[in-house]
Amino acid sequence: MTRRSSKRSIKRAGKAQSEDRRAWGQTDNVRPLFEDGWSPLGPAPDGPRDQSYVKNVRPRGDNQAEMMALIDERSVVFATGPAGTGKTYLAVAKAVEALEAGEVGRIVLSRPAVEAGESLGFLPGDMEEKLSPYLRPLYDALTDRLSAKKVRALMAEGVIEVAPIAFMRGRTLNNAFVVIDEAQNCTYAQLKMLLTRLGWHSTMVVTGDPAQSDLLPGVSGLADIVEKLEGVEDIGCVRFVREDVVRHPLVARMVEAI
């Protein structure tokens, strides 16, 4: 009896809603998407706006414009400078752009597994799950350019690959867009090994801030590598400065102060 009474009440409620919709000139299959009458063709609503997907990334400064141009022209590009200047985001955005245009067959992401002053201890799971906390900034940039579902599908197919630095020796990366992030936490020998992985029809972008290395003083090899390769043909180098910071305005002030 209780189940029958519940079914009857649900049926009556649905019938009442249908009568209300018909009274407003609506049917069961056609009803307004927004109850307040908002239309995408009308004026924007008041209040905070959700972040929308932007198909084409535009530079927000001369150095960002130079970095994007160098990625199109050179096979290896170094982008160094303070945090918040858009180095990683631009590198990943250009990688996605090249993949969707068919210029490369895959994206290879690599980042040193170095903690920022603390030890996380043992991490369970397979290799990708262990590296996921370290590669979170790259994932965030990827999901901003692609949907999270598409990123997972491309990773399952091997089109987007997470390649630990420790396992890169001996590989040749052909037809790939390679992003080496947080390179200030790589030693000179590691960077030399990574740079020599470059294969045919590939682009490699190396990003990092020499002033924020989590290694012992003098161990990071990024500054030395950039200084030696800056004048080599077909290698580009962009040095971002405090004025290029595009995060919160306080970031630029803190970078200058500390």
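Because the model is predicted, local features need pLDDT of at least 70 and side-chain atom pairs count only at pLDDT 80 or more, while totals for chains, interfaces and linings use all residues, and side-chain values use heavy atoms, without hydrogens or water.

**Exercise 1.** Find out how many helices and strands the chain has, and in what order the strands stand in the sheet.

*Solution.* 
Step 1: Count the elements, which are DSSP runs numbered from the N terminus (helices: H or I, at least four residues; strands: E, at least two). The chain has 9 helices and 6 strands.
Step 2: Look for pairs, meaning strands with at least two DSSP bridges between them. The 6 strands form an open sheet, ordered β3-β2-β4-β5-β1-β6, with parallel pairing.
Step 3: Check the edges. β3 (160–162) and β6 (235–239) each have a single partner strand, so one side of each has no neighbour in the sheet.

**Exercise 2.** Describe how β1 and β5 pair, and which strands helix α3 touches.

*Solution.* 
Step 1: β1 (residues 76–80) and β5 (residues 203–208) run parallel over 5 bridges. Within this pair, T80 is opposite G208 of β5.
Step 2: Contact means heavy atoms within 4.5 Å. Helix α3 (residues 87–100) packs on the sheet and touches β1, β2 (106–110), β4 (176–180) and β5. The direction of α3 makes about 170° with that of β4.

**Exercise 3.** Which residues of helix α7 are buried, and what covers them?

*Solution.* 
Step 1: Apply the cut-offs: buried is under 20% relative accessible area, exposed is over 50%, and partly exposed lies in between (1.4 Å probe, protein chains only).
Step 2: In α7 (residues 188–195), the buried residues are L191, M193, L194 and L195.
Step 3: Their cover includes β1, β4, β5 and α8 (222–229).

**Exercise 4.** Is L250 buried or partly exposed?

*Solution.* 
Step 1: Locate L250 in helix α9 (residues 249–257).
Step 2: Its relative accessibility is 41%, so L250 counts as partly exposed.

Technical notes:
Residues are numbered from 1 along each chain as its sequence is written. Axes are lines fitted to C-alpha atoms, for helices over the stretch in contact, and angles run from 0 to 180 degrees between N-to-C directions.
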